[in-house]
Amino acid sequence: MNKTSTKGIWKVISASSVGTLIEWYDFYIFGSLAVVISTKFFPSDNPTAAFLSTLATFAAGFVVRPFGALFFGRLGDLIGRKYTFMVTLLLMGGATFLIGCIPSYETIGFLAPLLVLLLRLLQGLALGGEYGGAATYVAEHAPKGQRGFWTSWIQTTATAGLFVSLVVILVTKGLLSKEQFEEWGWRVPFWVSILMVLVSYIIRKGMHESPLFAKAKSEGKTSTNPLKESFGNKYNLKFVLLALFGATMGQGVVWYTGQFYAMSYLKTVMSVDATQVDGLMGIALLMATPFFVFFGWLSDKVGRKAVMMSGMLIAIVCYRPIYDSMYKTTDLSLKTEVSSKMDATFKTLEGTKSDSIYTTNKAFADGTTSEEIKTVHLDNGVRIKDDAGKDKVEMKLTKTITSSGRWWIILMVFIQVFFVTMVYGPIAAFLVEMFPVRIRYTSMSLPYHVGNGIFGGLLPAISTYLVTTGKDAGDPEFYLEGLWYPIGIAAVCFVIGMIYLDKKISTLHD
């Protein structure tokens, strides 16, 4: 490739990547702040139920992504790639900004979670149209034989978007007090989005249409009914289903295990301080991101199937040992306690109700510390009882781990994201090459967003539910229950992919 064409493709990559990164940032900021959001938009009397409701709302955005893929994919194959993902960018940015403006549950009641859900659904629809357009746009500019390398730059934007969301949260927390952040500062990352969207819109406005689509359109070879051609044609439908069940389904659960379940697990199951978790995740993501490009390049040399299936298999085998090691890093039962201090306070609520709050701070021999907050709810001085006749008590445990423990967890998360880079780096080129130009946007978008949006997007909620309602907490392996979902889905996908994915599939439409 000569210098002129290299300069041209880098311009395409830059313009596409900036917008896609911002859309992922918008989509992920909700998940990154899930713990805080659960206290703002849902009833606070049951923290576990509120957190699960937040994860369910988070998952709802993933569930509607296939509908966005169908709607915007059709538009992309009818009117062009450029204009379609311009619309999705503005839709995503607007929905994200408005989430940051919604009053809390205490102010407007059940209208708060309802509005959050509606805006989350709009985010899902927008992302359903964005990714397929960006991946197709870049692939159709890339030279043959190098699509894995060039499209892998788009693949980095998903992880980069999560990384940027964590950085913005950490900076906001650093500039505000803990009370200010919990009161209103958590809204700032949502508001920041609108500025980034406007910058991206200006950049994308100057882009030209994909040369392959422009050529097909000038020759009258574009589809008049992309949905019918994509899914009504048995031959093409076979490849859509194969892409889903033999590749994107497993890729989706590997991705969300390494990038979202790991974060949720650290905060909720392991009770690590949220700010510390954001920092650990950010470092691990930054370290692993270059490997998206490496494995995209490698797939040009050895084939997409070999790279993706290898990553899937290694993840299946390694997940349980990784999470077992992570949990034991902060398992207080394995540590020696050296000091403990308990304080009791009395908080007045609304003049007539009051709570007794007991705070216990413990220190351990390895330097780990923990803070346990036990709130005993009272009404006019009388303890409030639950249905079983027991005191209504709210418990919160937060741990701060040692430097060596932090680096061990960073390594464990890095390994998980490394698996993600293997399965996700080549997937855009793999999907683009499976389908002809005239119906490419529609055909590739649906299996991608079903695999990632439904199978992957439901993972945090399903896995957290399995952990919180599975085996008794006294069982030494109860905290590993949530892994059965990603392991099972990835295993099924691996078997189907190994049997039915043919190396020649990716060259059908070159």
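Author: What follows covers salt bridges and then a cavity, all taken from a predicted model.

Reader: How many salt bridges does the structure hold?

Author: The structure holds eight salt bridges. One of them pairs Arg147 with Glu433, with 3.6 Å between the closest N and O atoms.

Reader: Are Arg147 and Glu433 buried or exposed?

Author: Arg147 is buried, and Glu433 is buried as well.

Reader: Which residues are linked with them in a network?

Author: The network of salt bridges links Arg147, Asp300, Arg304 and Glu433.

Reader: Back to helix α8. What does Lys173 meet in a salt bridge?

Author: Lys173 meets the side chain of Asp278, at 3.6 Å from N to O. Since Lys173 lies in helix α8 and Asp278 in helix α14 (residues 274–288), this pair ties together parts 105 residues apart in sequence.

Reader: Why does Asp278 count as buried?

Author: Its relative accessible area is 1%, and buried means under 20%.

Reader: What about Lys335; which residue is its partner?

Author: Lys335 forms a salt bridge with Asp366, and the closest N and O atoms are 2.8 Å apart. This pair links distant parts of the chain, 31 residues apart: Lys335 is in the loop between α16 (304–330) and β1 (337–349), and Asp366 is in the loop between β2 (353–364) and β3 (369–379).

Reader: And how accessible are Lys335 and Asp366?

Author: Lys335 is buried, with a relative accessible area of 17%, whereas Asp366 counts as partly exposed at 40% relative accessibility.

Reader: Changing topic: how many cavities of 30 Å³ or more are there?

Author: The structure holds one cavity of 30 Å³ or more. The volume of the largest cavity is about 90 Å³.

Reader: Which residues line the largest cavity?

Author: Its lining includes Gly31, Phe51, Phe58, Met263, Lys267 and Pro460.

Reader: Which helix supplies the largest share of that lining?

Author: The largest share, four residues, comes from α13. At least two lining residues each come from α2 (34–40), α3 (47–63) and α13 (234–269).

Reader: And what is the make-up of the lining by class?

Author: The lining of the largest cavity has eight nonpolar residues, two polar and one charged.

How values were computed
Residues are numbered from 1 along each chain as its sequence is written. This is a predicted model: local features need pLDDT of at least 70, side-chain atom pairs count only at pLDDT 80 or more; totals for chains, interfaces and linings use all residues. Side-chain values use heavy atoms; hydrogens and water are left out. A salt bridge is a side-chain nitrogen of Lys or Arg within 4 Å of a carboxyl oxygen of Asp or Glu. Buried means under 20% relative accessible area, exposed over 50%, partly exposed in between (1.4 Å probe, protein chains only). On a 1 Å grid over the protein atoms alone, a cavity is a set of points where a 1.4 Å probe fits but cannot get out, and a pocket is an open set with protein on both sides within 12 Å along at least five of seven lines; lining residues have an atom within 4 Å of a point. Grid points are joined across faces, edges and corners, and a volume is the space filled by probe spheres set on the points. Ala, Val, Leu, Ile, Met, Phe, Trp, Tyr, Cys and Pro count as nonpolar, Asp, Glu, Lys and Arg as charged, and the others, Gly among them, as polar.
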